Amino acid sequence: QVHLVESGGGLVQPGGSLRLSCAASGSIFSITAMGWYRQAPGKQRELVAAIAAGGNTNYADSVKGRFTISRDNAKDTVYLQLNSLKPDDTAVYYCQTDVVTLAPYRYLEVWGQGTLVTVSS
């Protein structure tokens, strides 16, 4: 079993900042890609940012220059720094990781429970 625990969501005013964290735990051999998705009310879940094991990153056009994804491989943790937040960024943010478990070395796609980010004055 592999679990993801997210933290850092909340209410913030437009232009403000938040930092989301997502820590993986359990039967982990290795973690490859880690990413953040979001789902706003009435909309489909979308990729916000992703980071490969080697550090290469990918961002949605809507967040480029405002959000930064990073990871601490020693802690099996991924972060998302959200700056210059807009009301359109309001959504539930989900962490997702691609994990290879300890023996018998299965590949798992694991999702967190989600954390709500609300941008409002």
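The structure is a predicted model, in which local features need pLDDT of at least 70 and side-chain atom pairs count only at pLDDT 80 or more, while totals for chains, interfaces and linings use all residues. Residues are numbered from 1 along each chain as its sequence is written, and side-chain values use heavy atoms, with hydrogens and water left out.

The protein chain contains zero helices and eleven strands; helices (H or I, at least four residues) and strands (E, at least two) are DSSP runs, numbered from the N terminus. Along the sequence the pattern is β-β-β-β-β-β-β-β-β-β-β. The radius of gyration of the protein chain is 14 Å, close to the 14 Å given by the globule rule for 121 residues, so the chain is as compact as a globular protein of that length. This radius is taken over C-alpha atoms, and the globule rule is 2.2 Å times the number of residues to the power 0.38. Taken along the principal axes, the C-alpha atoms fill a box of roughly 50 × 25 × 25 Å.

Of the 121 residues, 40% count as buried, where buried means under 20% relative accessible area, exposed over 50%, and partly exposed in between (1.4 Å probe, protein chains only). The protein chain exposes about 6400 Å², of which carbon and sulfur atoms supply 49%; accessible areas come from the Shrake-Rupley method with a 1.4 Å probe, and for residues only the protein chains shown count as cover. Among contacts with a separation of 6 or more, 56% are accounted for by residues 24 or more positions apart, a contact being heavy atoms within 4.5 Å.

An open sheet of four strands has the order β1-β3-β8-β7 with antiparallel pairing; two strands pair if DSSP finds at least two bridges between them. Its edge strands are β1 (2-7) and β7 (67-72), each of which pairs on one side only. Neighbouring strands of this sheet are turned by 15° against each other on average, direction ignored. Axes for such angles are lines fitted to C-alpha atoms, for helices over the stretch in contact, and angles run from 0 to 180 degrees between N-to-C directions. Strand β1 is joined to the antiparallel strand β3 (residues 18-26) by six bridges, and V5 stands opposite A23 in β3.

A further set of pairings involves β4, β5, β6 and β9. Strand β4 (residues 28-39) pairs with strand β5 (residues 46-51) in the antiparallel sense over five bridges. In this pairing G35 stands opposite A50, and W36 stands opposite A49. The hairpin of β4 and β5 has six residues between the strands, and G42 takes a positive phi near 75° there. Strand β5 also pairs with strand β6 (residues 57-59), in the antiparallel sense and over three bridges, with I51 opposite T57 in β6. Five residues lie between the strands in the hairpin of β5 and β6, where G55 takes a positive phi near 105°.

Strand β4 additionally pairs with β9 in the antiparallel sense over nine bridges, and I31 stands opposite V99 in β9. Strand β9 covers residues 91-101 and includes T101. T101 counts as buried because its relative accessibility is 3%. Not counting residues up to four places away in sequence, T101 touches V2, S27, F29, R106 and L108.
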